[in-house]
Amino acid sequence: MTDAPLDDLRRAVYRPVRSGNALEDTTARIVQTVRLGLVAPGESLPAERELAALYGVSRDTVREALKELSDAGWLETRRGRYGGTFVVDPVPRPSQPAVVSAAELADVIALRGVLEPGAAWAAAGRSLSAEERDVLWARHEAAALADGEDYRRLDTLLHLTIAEFAGIPSLVPLVADNRARVNAWLDTFPLLPRNIEHSTSQHAAVVSAILAGRPDAAHAAMRDHLAGSEALLRGFLA
């Protein structure tokens, strides 16, 4: 159940890039799929032909982007019947702390504080299908049971599932782009076990409020949850 497709999210990430910077945008979009956990370490990317169609670029552009990321240590090519382009496992982590301006940090945090509580509020106000309810709880459980480096990927998928289940397709790419920037920063500092335990209990509060159809409670629970992430981001980056 946790592998059920996130249709709006995939459309948000696998969407046509800008024509003026096709190579750079294609490269960035592939990185985003990894940062958001849509393609996990050890999993394969879609085929070149499919990526070219999804991004609206030539196969040569896709091939160049894949080579750039392979040279940078993010991807590897495997030959044979089950070959393809795979995300390396583990994904490389920055060796130096991120350099983030106070204005950029404040902007990303403020936008997240609008987008994600709003998504939780909207999701709680919908009549979710039985499948959606099962997927949402399964993603919460997967994040709760995750260990080590897999936690952030599954945590991200939970948050993005909530955005998708808000039922507002144009919201999903905004949340995805914002979360990718947050994840790039989170990857520069270590996982903190006590913080993960706290986040898990907060996830439970958010998901339970959504499933109970309590928009205001879901909004408040997500705000509380994001406050913890904000404290960590400011503590490590400010």
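Helix H2 (22-35) and helix H7 each put at least two residues into the lining of the second largest pocket, and H7 gives the most, with three residues. Helices here are DSSP runs of H or I with at least four residues, strands are E runs of at least two, and both are numbered from the N terminus. The second largest pocket holds about 300 Å³ of space. Of its 15 lining residues, Pro 41, Val 91, Arg 93, Glu 149 and Arg 153 are the closest to its centre. By class, that lining has five nonpolar, two polar and eight charged residues. (Ala, Val, Leu, Ile, Met, Phe, Trp, Tyr, Cys and Pro count as nonpolar, Asp, Glu, Lys and Arg as charged, and the others, Gly among them, as polar.)

Before going on: this is a predicted model, with local features needing pLDDT of at least 70 and side-chain atom pairs pLDDT 80 or more, while totals for chains, interfaces and linings use all residues. Residues are numbered from 1 along each chain as its sequence is written, and side-chain values use heavy atoms, with hydrogens and water left out.

On a 1 Å grid over the protein atoms alone, a cavity is a set of points where a 1.4 Å probe fits but cannot get out, a pocket is an open set with protein on both sides within 12 Å along at least five of seven lines, and lining residues have an atom within 4 Å of a point. Grid points are joined across faces, edges and corners, and a volume is the space filled by probe spheres set on the points. The largest cavity comes to about 210 Å³. Its lining has 16 residues, and closest to the centre are Tyr 151, Asp 155, Leu 186, Asn 195 and Leu 232. Helices H7 (150-165), H8 (171-186), H9 (193-211) and H10 (215-237) each give two or more residues to this lining.

Now for the strands. S1 (residues 75-78) contains Glu 76, and four bridges join S1 to the antiparallel strand S2 (residues 84-87); pairing takes at least two DSSP bridges. Leu 75 has Val 87 as its bridge partner in S2. The two strands make a hairpin with five residues between them, and Gly 80 in the turn has a positive phi of about 100°.

Glu 76 is partly exposed, at 32% relative accessible area (buried is under 20%, exposed over 50%, partly exposed in between, with a 1.4 Å probe and protein chains only).
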